[in-house]
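Have the structure open beside you as you read.

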Amino acid sequence: MTQKTAPKTEDIELRLFLEAMYSQYHYDFRGYSRASLKRRLVLACQRLGCPTLSALHERLLRDDKVLPQLLDYMTVQVSDMFRDPAYFRALREQIIPHLKTYPSLKVWVAGCSSGEELYSLAILFREEGLEGKTMFYATDVNGNALAKAEAGVYALDRMALFTKNHRLSGGSGSLSDYYHAAYGAARFDQTLRRRTVFSDHSLASDSVFGEMHLISCRNVLIYFDRPLQDLAVGLFKDALVRKGFLGMGARETLRFNAHSKAFADFLPHERIYQKQGDTSNPWAP
Amino acid sequence: MGTLISIRHLDAVVIGTSTGAIASLSRLLPPLPRDFPLAILVAVHVPADQPHSIASLLQTKCRVRVKEAEDKEPILPGTVYFAPPDYHILVEDDRRLSLSNEEPVNFSRPSIDVLFESAADVYGKHLLAIILSGANHDGAQGASAVGQAGGTVLVEHPDSATARMMPDAALAACPTAEPVSLGDLTDLLLSGGRGLLCRP
């Protein structure tokens, strides 16, 4: 009977490991989806030569040089420019007309990883003539990823896909207008990030900032468990202006979220939500 | 004498397949009744930009509910959940599904290994894993994880599968895996996993 309820050794190790990481380094992964996190930590143990998570735990506590490497395993950095072109086309055709009515704009790319989505939005806003009145905020918990985002340099062999995606998103020019190629890499036009603030920010432990008109957070919340998803969407709700927009990943939904009622399905197929007026205030328009 | 395979107290079924998937799944899933007592989680390798998903194709042929998995969706009986193209699916401790955009595994996203290993971790011996026709070795490591956790692994017989590489690899990786015909697999599922399967 006790056998049935006793937690598995690996689960105990994982819980203790995450507590240690939080206590010592203030990185809070305790609310991450366990199945995927376990997988990535098994990989980290293999690559870092630790037979068990307890061994990696010991190393994490004594050797802070292992932390950046670990963060690269624990955060998923997989993205493409204009990934899911239909999402960017929907922004271009149906969200931009709303944004054009504001005198100035703030856009938050939450969990920007190595920056593919940030540059996609910066290009889209330039093409739609909104760049000059927009401030972009690109945040992530992983410092290595943020540095890559700031550099804006990607492998040249990814440009074929990025170019195709850009065209399918309704891009007016050619993507090659925005980068130059050298030494097998594509370096994106540095003026694209002139209006971007890059910042270390955790959706798990940091608070809200800015009055955002658009938050794009795609394929980030899938790595969170439901309580942390609730917390993050609560942050987005507080950060958005009334009638501001939240864009999510193609397979993400607010349906199981505690704050789902605060948002309207603006473009359900493209997973673009709009923050509702304050329903508790009868005088709010 | 045949081998008797007894499968009782199942909580879920996981299926992995690639080349030949539509032919095999079109025989396995349509006979299942609307009130089928188990959840079925499926990872199929498909190109990410295919306009018609395999889930919507099978929806029209099946009586059980067939859908693409959504993130943090509860896993319910009588439902077949397909991994959406270009995402891994994993099972969480609270019996919900998670999506993941991690790197492809065995050149595949969704990867069968990723689904099977997480399901083995949560369901242990109460899991039935099925490898159908396929043309790479994804699923072999996952099948082995299911076997090690005490679950049951059945493999579409390589001789009758459209592509035999995936069944062969799973049989080689998992010593407890048994090759069976699609007909026997269907009969076993129709018994809700509670029946005995007799192989000649």
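## Two domains in chain A

The centres of domain 1 of chain A and domain 2 of chain A, taken over C-alpha atoms, are separated by 30 Å. Domain 1 covers 2-74 and domain 2 covers 85-275 of chain A, with bounds that come from an automatic or database domain assignment. This is a predicted model, in which local features need pLDDT of at least 70 and side-chain atom pairs count only at pLDDT 80 or more, while totals for chains, interfaces and linings use all residues. Residues are numbered from 1 along each chain as its sequence is written, and chains are lettered from A and ligands numbered from 1 in the order in which they are written.

Where the two domains meet, 9 residues of domain 1 of chain A are in contact with 12 residues of domain 2 of chain A; contact here means that the C-beta atoms of two residues, placed from the backbone, lie within 7 Å. On the domain 1 side, helix H5 (residues 66-74) of chain A gives the most, with 3 residues. Helices (H or I, at least four residues) and strands (E, at least two) are DSSP runs, numbered from the N terminus. By class, that side of domain 1 of chain A has 4 nonpolar, 3 polar and 2 charged residues. Ala, Val, Leu, Ile, Met, Phe, Trp, Tyr, Cys and Pro count as nonpolar, Asp, Glu, Lys and Arg as charged, and the others, Gly among them, as polar.

## A sheet in chain A

Chain A also has an open sheet of 3 strands in the order E3-E5-E4, with antiparallel pairing; two strands pair if DSSP finds at least two bridges between them. Strand E3 (153-155) and strand E4 (179-182) of chain A each have a single partner strand, so one side of each is left without a neighbour in the sheet.

E4(A) is joined by 4 bridges to strand E5 (residues 185-188) of chain A, and the two run antiparallel. Across this pair, A:Ala182 stands opposite A:Ala185 in E5(A).

## Where chain B touches chain A

Between the chains, 17 residues of chain B are in contact with 15 residues of chain A. On the chain B side, strand E6 (88-91), strand E7 (97-100) and helix H3 (112-123) of chain B give two or more residues each. The largest share, 3 residues, comes from E7(B). This side of chain B divides into 6 nonpolar, 4 polar and 7 charged residues.

## Inside chain B

The secondary structure of chain B comes to 6 helices and 11 strands. Strand E2 (residues 12-17) of chain B pairs with E3(B) in the parallel sense over 6 bridges, and B:Val42 is the bridge partner of B:Ile15.

H3(B) packs against helix H4 (residues 140-148) of chain B at an angle of about 10°, with axes 7 Å apart. Axes are lines fitted to C-alpha atoms, for helices over the stretch in contact, and angles run from 0 to 180 degrees between N-to-C directions.
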